Every structure is written in C-alpha cells, then in structure tokens.
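Subject: Structure for you to look at

Hello,

Here is the structure I promised. Please open it and keep it beside this email while you read.

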Amino acid sequence: MLRFVLYRLGVVIPTFLGVTILAFSLIRLIPGDPIEIMVGERGIEASRHAELRARYGFDKPLVQQYGIYLGGVLRGDLGRSIVTRQPVLDEFLTVFPATIELSLTAILFALLLGLPAGVLAAAKRGTPADHAVMGVAITGYSMPVFWWGLLMILLFSVTLDWTPVSGRIAVQHFIEPVTGFMLIDTLIAGDRAAFVSALRHLILPAIVLGTIPLAVIARMTRSSMLEVLGEDYIRTAKAKGLTPLRVVWVHALRNALIPVVTVVGLQVGLLLSGTILTETIFSWPGLGKWLVESINRRDYPVLQGGVLLVACLIIFVNLTVDLLYGLINPRIRHAR
Amino acid sequence: MKRFSLAAAVLTAALATAPAQVAQAAQAGKTLVFCSEGSPEGFNPTLYSSGTTFDASARAVYNRLVEFERGSTKIVPGLAASWTVSEDGLVYTFKLRKGVKFHTTSYFTPSRDFNADDVLYSFNRQWKKDHPYHKVSGGNYQYFASMGMPKLLKSIEKVDATTVRFTLTKPEAPFIANMAMPFASILSAEYADKMAAAKTMDKVDFLPVGTGPFQYVDYRKDAVIRYKANPAYWSGKAKIDTLVFAITKDASVRWAKLKAGECHVMPYPNPADLEAMRKHPDVNLLQQEGLNVGYLAYNMKKKPFDNLKVRQALTMAINRDAIIKAVFQGAGKVAKNPIPPTIWSYNKATKAYPYDPAQAKKLLAEAGHAKGFETDIWAMPVQRPYNPNARRMAEMIQADWAAVGVKAKIISYEWGEYLKRSIKNSEHTTILLGWTGDNGDPDNFLHVLLGCDGAKDGGINLARWCHKPFDDLIMQAKATPDVKKRTALYEKAQLVFKAQAPWATIAHSIVFKPVRKNVVDFRIDPFGGHDFYGVDLK
C-alpha cells in the first residue's frame, strides 16, 4: 500500500510542473495587454505604459518571468493581484470555502438522489419506473445550466417566493467569517435564523449544480448494477433465499460502486468548473466568478495562482479516489 | 415533473423549519439594498477607473472640494465652501469648509477635523513620485494621469489650515470640473500617517476613511458591501440608515431580485426586460439620456478617407434610425453632434446628415469612386454603454454601404488587442467606438476625442483628424473661464465638425434604472454612477 501511495505521489510532481507552465503560458497567449484593458478606450501614453509594465514585471523576458513565478510558488508566494493588490492566496482562501460548500452540497444532493434512483432503475429494469428515472436523468443531463438556474429562480423565488433569489445569506445577517463556510460560521455564531437563511440560500444553487452529476450518477449506478446483478454470485445469493432487498443493497451495490466512485471523483473536478455558471447565476461569491473575472481583467497572478490551486485540488481528489479504490476493492491494491 | 416534486419536497422540508421571512426582513432603521453589477477593485477611487469602484468608494464614502449636484453636471461647493479663480485663469484658491469630521470606524478614530493637510495628501500622493504613499497599492493613478493633471499642476500650497491654492501651468477652464471627479476625492492624512507608522500603508486603500455620507462597515469579496450612514455628515445625516451593495453580476438575476423585493435599485437592465419593468406594479422605470456618444470614425490618415466627399457619402449611406431600433432596441437616440444633449453648449442648430443612398452614390462618383471601393469596419468585441452590440451595428452599416457599392469587411479583435491596434498602432480604417463623459465638460469630448493633441499614434482621436480651424476654437475655449464665451466657441466648433465629417455620429444611449416604488427621490446620475445620499424609503 505504501509503495502504491508513493508511486501515486511521484506522478503528482511532473503534473504540478506541467500545470504551472500551462497556467503561465495560456493566459499570456490570449491577446490583450492587462494595462490596455485597465485603461479601456481612454488610452495611455507610451511612456506611462512602459512604466506600468516595468512596475508589474511584464517587461522582463518570459522565461525570467516564469522563473520568478515558479520561485514564488515554491516559497508559497503566489504573488498579488494586479487589480486589487491583495495576495492571491488570501483571495483564494476567501472565495474557496464558498465553492466547496456549494460543491459538497451539490454532490451530496446528487448522491442521495442519484444512487437510489440508479439502483431502483436497475432492480426494476424495463418497468415504467426504470424509464422514468432514465428519462429524467437524460433530461437533467442535457439541461443548459444557465437556463435551468433561471427557471428555478423564476419558479421558486419569484413566483412561489419559497427561496431567496441569490447570494449566500440575507443581507441583515452579519456573520464574522471563521471557517468561511457559511453554514458552519452561522452555527459558531449561534444564530439560528442566520443558519436557516444560509441553508435556504444554498438550496437552489446546490440543486442546479447537482443536476448533471445526479444524472451521471444515476445512469452509472444503473448500468453498473445491471452488470453485477447478472453475476453468478448474485444468483447464488438469490438461490440461498436472501431477500431481494439484501441481495441488491448488500451484495450487488458494494461491487457496483467502484465505477460510481470513479465517476464521482471526476465529477468533483467537473463541479469546480461547473460552478462558474452556477455561481454567476446565483451571485455566489466563489472560485468560478473569481477566475472568470481575472481572465477578463488579464489579472495574470490571480489566474496563474487560481488555476494552480484548483489543479492541485483536482490532483488531490483523484489521488484520494485512487486510494479509495484500494479500500473498496483490495484486488486493485494488489495488482499494482 | 418528478424532478420538480423532489425539489419541492426538499424545499418544503427546509421551509418547515424556517420562520416565514424573506431577505429584506426588518432591521433596525431603514436599509436600502442596491444590487450592484460587480465587485469593486478596491476602496480608493484615485487608484481605479471603473464606475463600480466609484460607486462603492468615491460616491458613498468620500467627498471632493467641489461636487456635481445630485443628478446633474452642475458644479456645487463640496469640502470647499467657496473658491476664486485669478484673472489669468492660472490660480484657483479654495476656502475649506470648517468642522467637517472624518468617519469614526472600528479601525480609526480621527483626532481632528478635515483641513488643508488632507487636500495636500490626497493630491500629492498621486502627483509626487517621491511621496511616501505614491507607490502603495500599485500606485496606478489612471484618472489623474489621463486627465493630464501631472502636466497641468504647477504647485499646490497650503495657505493656512483652511485655504489651499492650486497653481496651473496654463489656463484650463475644465479644471474645476475635474476637481469634482472621483479621482479628486479627499482622503484623511491623519489616517494615512497612522497607517504609515503601523507599517500597514495599504490599509488606507481597502479600509476607507472619508468624510462622505456613508461610512464603510464591511466587505465580503464578490458578495456584499455594507455601509452605515455617517451620523456627523456635514450636510446632514442620510435619510437611510444602512446601505448595502448586494453584488449580482447577471442582469436577469438582478431583475429577479428586484421583483422579489431583495433589492431596491438595480443598474444595467437587459433591454429585453424593459417592457416587463414598465408594467410591473412595484417598480418605477426611470430613464435619462446617457452622457455618452457612439460613433464610427474614419481614419483620415488612410485613403480614401482623406476625401471629404467620401466621408460625407458614407455617413449619408448609414440608416441610423434602423440601428437605433435594431441595436439599441429603442434605448438610444440618433446623435448629430459629438457631444450628448445633456452637456451644456450642445448645438441644437446642427443639421444631421440625412439617410440618402442616392446622394451618397452621387458624392462617391464625384470623389472618383463611382464603382465603390473595398474597406473595413472595425467592431468592438464588448458591450459598452454607448454601443450595446457593435458587431450587429457593423453588419447593418456593412449592408447599408453595400447598397452604395462599398464593400466592407468586418474586423474584430479581443478588446485589449482592439484598443492596442487602433489607439496605439492606428491600424484601423473605419472604426466603431465611443466615449462616456468624465466631468460633464464639452472639452472632455471635443478636445479629448477630436483635438490635434490626440490625433497621433497613441492618442484617442481615432479619426486622426487635426483640423486647424476646429482645434483653434476648442483650444481658445479651454483657456477661457467665461462659460458664455466658451459656449459660443463650442457651438461653432460643432458646426465645423459636422461639415468636415471625421465621424459618422451614431447614437447616445438612454440609461434605464428600475427602482422599487418605495424608493423616494432616487436620481439618475448623468455620469452613470449611483448616489444614495438624499434617497429615502417609505
């Protein structure tokens, strides 16, 4: 197991270096100079333009700029935003918990509904229940996030007035950030009304963000379950006279979960990018909005730092998933 | 349907534990929520140039020596109770208001009233490269530089604690209007000294201390900014007690929040939503002409645009009424002058070029282009207040020109690249761009966009038009403090402009501002800002 872990960690280093190079070069390949964008149609004198480029270090050769950047990264310094002048890591730490809170709730929502729905569809294969689950899943999967989000807002917030339209918490609640997770912070503050408000604000974005993963999980669980249900040992279990419920949930599901775990791991990565649209619709102050803004403003340090941190996170999630396989299925562990 | 019922079940469960309250529930005092369109870059308006930042800093937290009267471009006293200008137009002496208090906040308690030291600090920081604060927070004083202040200022002196004297290098009538712009906001020198002593100089720029009607309480990045009314405001406490900016980037969501009562005022509605806003029983849709102009400039350094007849012909070939309908969806007005009608000296007598393809063809033939020619139309890739859809506009112009035999190719680059290739390198032939006024002075349009100073590479006179009779008029007006004389000169200049046709003036936009009906006396700011002092809730 230790060798397996070390091997996985060894693969991380070149991936990490690749990501720094990509993050650094991609933003510079986009045409448009951050200073020109900052001044817009007002224009800027050539001398002042040169002065500002020098101040931000853009006048140095690219290789040197990359060296300075990598040196900073290795020291844990991701630089400062050229717009807000705040350290990139500080900004990341303020927006990141919002995204994690939303993503985890979304994936939880997807798992809680997707797994049983998939199992149900597989167990009742070919019945109207199966067709209904798969129909809903394919519809959910093909729903454009932007449209789906606005539809939910119009129905639940504007027409029915059940949930707030957007934001993380109602404006009258004033919660000091401790962890950055609004649900936890409101609990720490001991403010029940604020907690409820935070929860209510979380419902719609989590549903919208969780819809696609839900569909994927339901479909994946169904097909994986169908495969397992056809295995000999399931027939044996049935022949032993076990209840269908026990056969499905205890014997079949555990084995069917392996591909599902893979998919959930991949979905977490996708969720982090999927949040961009959801965060925009629900004015959720998270990572996606922060990164998109930095692209528009050509805020090189923020984009480089942000992409790097997200990539590290995805690498970490994948590593965890690989290790989880080992736990669920010892055969994988021994095969390496 | 299954999805809906599931979602409804989850929602009902949550609601069962929730007291029936919606976001705007009662809070101590009156709270006005503004669904702002974006996050501020910081809280020091001298460092930035976006309207979003100005709303959050300059307009709420700070004052200037002089101010624009709310909802107009008129200059009124601010932190200066009065001022005088010397005969030669070179010396401006400001008498400062007495007894003005800086905000007392959780991070700073002032020990003295506002005085001349604060004025000196605020300007010298931007102007003097050796000022200890000059390089703090990036030190990019864009507006101070782009308004030409470094070259215009000769000296700023403290005459006594309540008198400040600005001496200029040349007479510049628009100077007083510049003093009302966000970059001329007055920051606290005492606070700056304290932060310098604590070695936390950059705090001055994100934990603001001003003299304005609202004081900063808290900012949650990309989410919420909170202010409370300054109880000691020199012009009287604001009518609302708490001001909240709920940052909401998407226009459809802003509209949903306004409808749901989660905010009181929203900027930048989608044109498609205007009809619904007009009809909504709880919403007032305010509107006003914007302080802007959208235009198509002909680069006269390139043939055949050096030929007056060609420019006139192309201008006459454009059906601008159709553009207003299709591109602005009615939220615009055909422009005939290079300045908007809300600016003083707007010349009503100017005759617009008619839409006349037959005459256009004739003029082209006279210019030796009976068979037409090939050219480009540069179209911006971004939405701007003066042009909501440049690409669409370019397509319409392309079709209009094709009808008179001119084949145009539409060219577009990414925004930064577009600006670089046009402003810096003058690569464009005909180009769509526009301008939003900074200080409400005609000079800010006529000199900046059409004067000889801006006609070289790097300048923003994109017609690259340097016409002596026009330039003489505007330079003379710049040096004349008398508004009547200036008005006459600018009116004349607009006629010269029209006759020479360096641009086809396209449109001035109309600004719409939906507000809830319980909002009292909100006025549209001609500069596009949002000012909540004087606004009440009923």
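Start with strands β5 (residues 91–96) and β7 (residues 163–168) of chain B: they run antiparallel, joined by five bridges. To find the pairing on screen, look for B:Val91, which stands opposite B:Thr167 in β7(B). Keep in mind that this is a predicted model.

Now widen the view. β5 and β7 belong to an open sheet of four strands in chain B. The order is β4-β5-β7-β6, and the pairing is antiparallel. Which strands form the edges? They are β4 (80–85) and β6 (153–160) of chain B, each pairing on one side only. On average, neighbouring strands here are turned by 20° against each other, direction ignored. As background, strands of a sheet pair through backbone hydrogen bonds.

Next, the helix. Helix α3 of chain B covers residues 116–127. It lies across β5, β6 and β7 of chain B. Its direction is at about 160° to β6(B).

B:Asp218 stands opposite B:Arg226 in β9(B). How many residues lie between β8(B) and β9(B) in their hairpin? There are three, and B:Asp222 in the turn has a positive phi of about 60°.

β9(B) also pairs with strand β10 (residues 242–246) of chain B. This pairing is antiparallel too, over five bridges. Here B:Tyr227 stands opposite B:Leu243 in β10(B).

Best wishes

Note on methods
Residues numbered from 1 in each chain as written. Chains lettered and ligands numbered in written order. Predicted model: local features only at pLDDT ≥ 70, side-chain atom pairs only at ≥ 80, totals over all residues. Pairing = 2+ DSSP bridges. Helix = DSSP H or I, 4+ residues; strand = E, 2+ residues; numbered from the N terminus. Axes fitted to C-alpha atoms, helices over the stretch in contact; angles between N-to-C directions. Contact = placed C-beta atoms within 7 Å.
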